[in-house]
Amino acid sequence: MDVKALISQLTLEEKAGLCSGADFWHTKAVERLGIPAAMVSDGPHGLRKQDLGADHLGVNESIEAVCFPAACATAASFDRALVTRMGEAIGDSCQHEKLAVVLGPAVNIKRSPLCGRNFEYFSEDPYLAGQMAAAFVHGVQSRNVGTSIKHFAANSQEHRRMSSSAEVDERTLREIYFPAFETAVRQEQPWTVMCSYNRINGVFASENPWLLTQVLRDEWGFEGCVVSDWGAVSDRVAGLAAGLDLEMPASGGWNDRKIVEAVRGGRLDEAVLDRAVERILNFVFRYVEHAAPKTPWDKEAQHALAAEIAGECMVLLKNEDAVLPLSRGETVAFIGEFAEKPRFQGGGSSHIRSFMTTGALEAAAGLPVLYAPGYSAAEDSATEEQIAEAVKAARQAKVAVVFAGLPDVYESEGYDRSHMRLPACQNRLIEAVAAANPNTVVVLHNGSPVEMPWIDRVKGVLEAYLGGQAVGLATIRVLYGEVDPSGRLPESFPKKLADNPSCLSYGGEGNTAVYNEGIFVGYRYYDKKEMEPLFPFGYGLSYTRFAFSDLRLSAPEIRDDETLTATVRVKNVGERAGKAVVQLYVADCESTVFRPVRELKGFEKVPLRPGEEREVSFTLDKRAFAYWNTELHDWYVEPGEFRIEIGHSSREIALSAPVTVWSATELPRHYDLDSIFLDIMADPKAAAVLQPMLESFSKVFLPEEGAAQEAITTEMSLAMLQYMPLRSLLSFAGDRLEPTALEQLVAKLNGN
Ligand code: BGC
């Protein structure tokens, strides 16, 4: 389709009209020119296609679909190929349902356990979030259906989400809040990017030219269409100029008229409007031209896939005395309503109407399992009778498994959690069951960390997250050892909320939310503070054991325009088949800027039979070593030694090897009379100029012969000298120094 030719035939009103939705889920059609409407739909861990009543909060019914595990779970798989397969299945469903775009993946960073939408997001770690996002986009778009990576950007709280300003410094945005978007854009070109509701440093994302044009398009090369989050538009004309193409949903013609007026009044270049229309029509026709009318949607097969994926995402957090796996012959008590009716997804726009659900109790049919509901999730209560019944069942069984977690109302889109606790009634139930049966295991259904006050009194904990409609099948497979638990935590579990780095300022004051902790989000903070979390990032047990050995680097030193290959051997040294997650972290040994202790820069999931060994390789480029330099406004590797670490988790590093990385970039240096000695001496070229004069300069500050030497020693005066600006020599040297000599020195330092 020659989109440009079409645009030349559109009236100004038609063009402005195309820049907003026809209704909740469709773009506008222009029938006289054969421009069709395209339909988009929520998800992204399934389809929330609303055929009748439309809304963005998951209130009205949508078609029956398959609910896959939410992002909180899929990230724990640490498995790109698995997430791609899920994306392919969702892409197929979209083709079947004639949907041009599925609105996801959601990739915001988990800054606090309190964020109501954490269950929809991947990780506290930007590298992991980026890899998962790219894998998902790849899968969906391989089916000629678009994605809408969201919510761009810094949308890490629900509190005042449509008015709050995320106040985040440049380096933190670049290192923490942007990379998930950047990776997906650079690698996979999502058809659309959805801008967030919030402001960033005072400017709404929907009208932020730096964000939507400079960073997204000019730097990262985004070629697609920017869509607003539903109702995120404040100033439509400013938005269009900033790079926001499509406003969703419809604005009743109100904003379209403003666009027309702005063009007529000379306040908006018509070319800007044409460009937005072109980007919108590009994705509409891209879908239409590749629509596959006969794509089947085998929901039963997808249910099986959802179960397989959920099994790969479960994280075994505790397994004392090898209480798990359970054996099929022994009597087990399943306690807790979630065994029967699992909580497997969260509330809001991602809510899927599952065509079927399999809970653990149903999946355990035929096994000697006793059941007691223990509590009511909807009423958030546990009566004395319910607890007594649960205790009785626990006493009769070899092992008691409590299915606990957060009821729907505890975490949802649209508002944040107010604390990090499980319901009090569930904590009471767990304590009572653990007192009755020493072999108690807790299975958790939650989208974000919870405190575990009973952790020392239970033998096992399995984090099932929000595992999708087939979660029960996966839970039984993992509990009974048919599937090895191979999930690893995509986020740290702090012991208590107050340990979390954002706790002093999360949510903000009024509409100002200052991201005070900067780059020290999640494990980057706990590591630096040497604080013991309840469970660290990357952590997860298996029923077998893995050993890492023989870490080799391709070179002892590289320049940052070269790549480094790290190779390591991983062996299953236990008795069962399982999947190892080899995690690679990079540590900067010495740095002049604040840096985390280590940062995840690679991971691989490796299936291994007992005794089997494999080699895994990682290729690292400049970005693995760089930090965002705010002088250069670019990535920069400070030359020096780094450590490549191979770990089972962020806190269990098994191997490490040093590498020296040199920078191909020279930092711009400019010296003047305000430059201090310390900075000059840190620059080898400038230091060579200054060094010969240093001794005589230091004398300027030394006490005169015979003066009270104990008041200031030579060592002290040299220590003081480092923070002095060059100009202070004039103040202290009196007529011992010619001002012109200093000017000549500055010129030399600048290489003149
Ligand atoms: C959410 C988006 C969603 C949109 C459409 C908004 O409230 O923030 O994630 O895609 O609604 O339902």
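**Ground rules**

I am working on a predicted model, where local features need pLDDT of at least 70 and side-chain atom pairs count only at pLDDT 80 or more, while totals for chains, interfaces and linings use all residues. Residues are numbered from 1 along each chain as its sequence is written, and side-chain values use heavy atoms, with hydrogens and water left out.

**Ligand**

I started with the surroundings of the ligand and found 15 residues there, where being near asks for a heavy atom within 4 Å. The closest are Asp-42, Arg-117, His-151, Tyr-197 and Asp-229. I sorted the shell by class and got 5 nonpolar, 3 polar and 7 charged residues. For that sorting, Ala, Val, Leu, Ile, Met, Phe, Trp, Tyr, Cys and Pro count as nonpolar, Asp, Glu, Lys and Arg as charged, and the others, Gly among them, as polar.

Next I looked up polar contacts (pairs of N or O atoms within 3.5 Å; within protein, one must be able to donate a hydrogen and the other to accept it, and residues adjacent in sequence count only if both atoms are side-chain atoms). A polar side-chain atom of Tyr-197 sits 2.9 Å from a ligand oxygen. For Glu-413, a side-chain N or O atom is 3.0 Å from an oxygen of the ligand. For Arg-48 I noted 3.5 Å between a side-chain N or O atom and a ligand oxygen. How much of the ligand does the protein bury? The ligand taken alone exposes 310 Å², and the protein buries 100% of that. These areas come from the Shrake-Rupley method with a 1.4 Å probe; for residues, only the protein chains shown count as cover.

**Helix α5**

Helices here are DSSP runs of H or I with at least four residues, strands are E runs of at least two, and both are numbered from the N terminus. I checked α5 (residues 126-141): its 16 residues reach 22 Å from first C-alpha to last, close to the 22 Å expected at 1.5 Å a residue. The expected span is 1.5 Å times one less than the number of residues. Is α5 mostly covered or mostly open? Mostly covered, with 14 of its 16 residues buried; buried means under 20% relative accessible area, exposed over 50%, and partly exposed in between (1.4 Å probe, protein chains only). At the N-terminal end, Asp-125 is the cap, with a side-chain oxygen 2.9 Å from the backbone nitrogen of Tyr-127.

**Loops**

Gly-43 and Pro-44 are joined by a cis peptide bond, omega about 5 degrees, and Pro-44 is in the loop between β1 (40-41) and β2 (64-65). Met-248 to Pro-249 is also a cis bond, with omega near -10 degrees; Pro-249 belongs to the loop between α9 (236-242) and α10 (254-264).

Asn-144 is not a glycine, yet its phi is positive, about 60 degrees. I place Asn-144 in the loop between α5 and β4, and its relative accessible area of 30% makes it partly exposed. Gln-189 has a positive phi as well, near 45 degrees, in the loop between α7 (179-188) and β6 (192-195). Gln-189 counts as partly exposed because its relative accessibility is 21%.

Asn-155, in the loop between β4 (146-152) and β5, counts as buried at 2% relative accessibility. A polar side-chain atom of Asn-155 lies 3.2 Å from the backbone oxygen of Gln-157.

**Strands**

Two strands pair if DSSP finds at least two bridges between them.

Last stop was β26 (residues 640-649), mostly covered with 8 of its 10 residues buried. β26 pairs antiparallel with β21 (residues 578-588) over 6 bridges, and there Asp-588 faces Phe-642. Antiparallel pairing also links β26 to β27 (residues 652-662), over 9 bridges, with Gly-647 opposite Ile-653. The hairpin from β26 to β27 goes through 2 residues.
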